[in-house]
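Hi,

Here is the structure I promised to pass on.

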Amino acid sequence: MDTKWKNRVVMLLWLILFTYGISGVLTALVNDNDYLKTNYFKTSQYESTVGTFMSYLQAFEFSYQQKEEVKRNLTVAQEEIDEYRYRYGELTDQIQSIKDQYQYKIEEAKASGNEDVANVYIKERDTKLEDITKNFESDEYVEEKIIKEKEKRVDEYYKELEGYRNDYKVYDEAFAYYLKNTATGEIYTNLPSKNTREADAAFKAENMLYVNSYPANNVNYLGVREESLIYGYEDVMTNINTNALYEGKIGLRKGVSNANPIMASYHNFNDHRIVFWIYSIGALLSLIISIIMARKMAIFQRIKSHSLKKYYDRLPIDVTFGLFGITAIISLLLIDEFPHYYDYFSFRDLLYRFFMMVFFLGITIVQWIYLLPILKEIHSNKGLLKHSITYHLMKMIRDAFSNRRVGTQVFLVLTIVFMFGLGAAVVVVEPRFLLIYFPALLVVALPMFIFLIKRIGYYNKIIRHTSSLTKGQFEADLKVVGKTSLATLARDINQLKHGVKTSRKEQVKSERLKTELITNVSHDLRTPLTSIITYSELLKNGELSDDERSTYIEIIDRKSKRLKVLIDDLFEASKMASGNIELSKAKVDVVQLLQQALAEYNETIQSSTVQFRVTNPDTPVFAYIDGQKLWRVFENLIGNILKYSLENTRAYIAIKLENQQILITFKNISKYELSDDINELFERFKRGDESRHTEGSGLGLAIAKSIIDLHEGQLEIDVDGDLFKVTIILDALDS
């Protein structure tokens with residue numbers, strides 16, 4: 001415990017020494033300090049004091065005129081008359097404007113039965129009309145009015161000037177001056193005599209603390225600055241500004257009371273300079289000592305390993321930058337202002353401001369030590385930025401305005417609420433604004449309140465509907481009102497609900513199909529497999545005749561081939577459904593490919609009772625396809641016709657070219673009743689009959705559709721009673 005306490009004392013001591021050293025050195029370097037000058041009279045402070053004195057001399061001596069004389073010399077130019085006359089437009093415009101101003105007042109007074117008030121308004125109106133008319137009739141009339149305005153401004157100038165009279169007396173008491181205008185030769189002085197010899201005697205060293213002579217080094221004359229002591233009266237005080245040069249002397253008198261602020265500043269300078277040097281030299285020594293301590297005691301490592309570091313690292317990076325920036329700016333301001341405190345504050349105040357400067361600079365230094373490793377990894381660790389408050393704030397704003405319409409509406413509503421809240425505060429302070437606030441409340445705030453209540457109710461209804469939907473309860477569709485974002489949300493939820501319903505149906509259907517698939521696969525595979533097992537057992541009987549043995553072997557062979565067909569079709573259907581199959585596409589004549597498929601079945605077709613009618617174009621029809629896979633499609637469809645067509649009926653196969661598309665149709669009359677649901681015919685192990693007494697695998701149409709889909713074509717089925725029609729559409733190639 002003692003060791004920790006000692007470490008904290010050492011770190012605190014180092015921090016005080018280091019911050020004191022840094023602040024003192026920066027104070028001496030950053031500031032153009034008057035305390036580095038050889039004496040008070042070389043400082044900018046004294047030069048500024050002399051400059052201020054010259055401003056007073058210019059106002060009260062060099063350019064001073066009697067008020068009445070200024071008024072007598074006032075003139076009015078024609079441009080001023082025209083500007084005054086047309087200030088508010090032409091005569092007709094001004095007359096109409098005055099009439100409009102008083103018309104409502106007069107009518108309101110008469111309506112209230114206040115004839116006296118109405119007569120007063122009428123008199124005021126007529127007086128103004130007469131005055132405006134005279135403005136356009138006589139230049140002398142306008143000139144007289146302008147002169148009166150200027151005289152009023154002259155009075156204001158001299159009243160403001162007299163406010164500086166006491167300050168001027170303070171400077172006049174401290175300074176002696178003897179100056180001559182180099183252009184006019186006129187002498188200005190506050191000495192008893194204007195005699196040059198007597199003036200030179202008055203400016204001797206025994207009488208003056210310091211003397212400024214002009215021209216200095218026979219070069220620089222004293223130039224009075226052009227700016228007036230009082231601004232804004234240049235239109236009436238025409239002789240205020242001057243570019244005159246003066247020669248002579250200005251001296252700071254000896255024997256002036258220390259109560260005079262200028263003399264007090266002079267006497268305090270040396271005391272303040274001693275404090276400055278003690279402070280600066282002490283700061284330099286403290287900085288050296290703190291550097292030695294930092295090296296020997298590994299101060300930086302102690303600060304880095306302090307327990308505060310883990311808490312600091314938890315702060316968002318923009319907060320750390322913000323805190324560092326705030327403390328750094330405060331530190332720089334305190335360092336920059338500290339030298340000026342010498343002149344105005346007591347030792348106690350200086351000590352307080354010193355510790356404030358040390359405190360903020362110390363915090364800034366500690367933050368920099370903690371912040372430096374973060375700065376080094378900021379480019380490689382993007383997570384630092386993503387955890388910042390600024391990032392989250394920008395994300396919030398971006399999310400709020402992702403739907404710009406909603407974001408803008410919310411922003412406008414909040415702005416209106418804020419303005420009405422501010423208006424309520426204004427009404428409390430100034431009740432007369434209630435005349436404006438109350439109508440606005442009725443016209444804007446009340447309708448907006450009703451609008452918000454309706455929207456909130458609509459929103460709550462959507463929430464309840466959504467909650468029911470999550471529980472699997474399908475209520476009636478939400479009412480879609482207008483084109484607002486809530487209406488869009490309601491419409492989307494309605495669509496989502498219907499999608500969920502459809503998905504449920506599909507899920508139930510999928511489960512049913514899985515069950516049927518397992519049942520059908522088991523049935524279709526077990527039937528030939530059972531026959532194979534049964535006849536294999538019979539073959540084991542040694543008493544079988546050769547004819548029986550041959551019959552059993554033939555049955556086993558036939559059932560084995562049947563089992564192979566089922567397994568091959570199932571495997572191929574699975575590959576098709578998963579898309580795990582590659583096409584070997586080439587330019588193929590579809591007409592020739594169909595003829596080859598028909599030729600393959602020629603013997604079966606001839607032995608069947610179904611009559612085939614094939615219609616082909618006279619010219620080849622080419623497509624970019626996998627010929628082997630499309631041949632399989634033709635084989636499956638022709639096989640279905642032979643298996644499922646009603647005896648002694650016709651089957652129609654046709655190929656035609658339309659709009660760069662190949663249309664291939666297969667039509668036959670089914671001998672089994674077909675389902676109204678066309679999609680069921682594409683299901684695996686689905687046959688047109690439910691009795692399942694044919695030799696088909698039930699995968700023919702599913703495989704055919706998968707192959708056509710892989711070719712980005714279309715396979716469509718139409719059922720009209722017992723008429724079964726398959727249409728294949730493929731993109732054609734130019735021959």
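E1 (175-181) and E5 (245-253) pair in the antiparallel sense, with seven bridges between them. For the terms: helices (H or I, at least four residues) and strands (E, at least two) are DSSP runs numbered from the N terminus, and two strands count as paired if DSSP finds at least two bridges between them. Within this pair, Tyr178 has Lys249 of E5 as its bridge partner. E5 is also joined to E3 (residues 208-214), again antiparallel, by six bridges. There, Tyr214 sits opposite Gly248.

Before going further, a word on the source: this is a predicted model, so local features need pLDDT of at least 70 and side-chain atom pairs count only at pLDDT 80 or more, while totals for chains, interfaces and linings use all residues. Residues are numbered from 1 along each chain as its sequence is written, and side-chain values use heavy atoms, with hydrogens and water left out.

Pro215 belongs to the loop between E3 and E4 (222-223). As background, most peptide bonds are trans, and most residues other than glycine have a negative phi.

- Asn648 has a phi near 60°; you'll find Asn648 in the loop between H23 and E9.
- Glu712 has a positive phi of about 60°; Glu712 is in the loop between H24 (700-710) and E11.

Asn648 is exposed, at 64% relative accessibility, and Glu712 is exposed too, at 70%. (Buried means under 20% relative accessible area, exposed over 50%, and partly exposed in between, using a 1.4 Å probe and protein chains only.)

Now to helix H8 (residues 165-174). Which of its residues are buried? They are Tyr168, Tyr171 and Ala174. Seen down the helix axis, they fall within an arc of 125°, so they line one face of H8; the arc is that of the directions from the helix axis to the C-beta atoms. An α-helix has 3.6 residues a turn, so residues three or four places apart point the same way. On the other side of H8, Asn166 and Lys169 are exposed. The buried residues pack against H2 (44-62), E1, E5 and H10 (261-297), where contact means heavy atoms within 4.5 Å.

Further along there's an open sheet of five strands, in the order E7-E9-E10-E12-E11, with mixed pairing. E7 (611-615) and E11 (714-720) are at the edges with a single partner strand each, so one side of each has no neighbour in the sheet. From one strand to the next, the twist averages 15°. (Axes are lines fitted to C-alpha atoms, for helices over the stretch in contact, and angles run from 0 to 180 degrees between N-to-C directions.) E9 (residues 650-658) and E10 (residues 661-669) are antiparallel, paired over seven bridges, and Leu657 stands opposite Ile662 in E10. Two helices pack on this sheet:

- H21 (residues 590-600) touches E7, E9 and E10, and its direction makes about 165° with that of E9.
- H23 (residues 627-644) touches E7, E9, E10 and E12 (723-731), and its direction makes about 20° with that of E10.

Finally, the overall picture: the protein has 24 helices and 12 strands, and 35% of its 735 residues are buried.

Cheers
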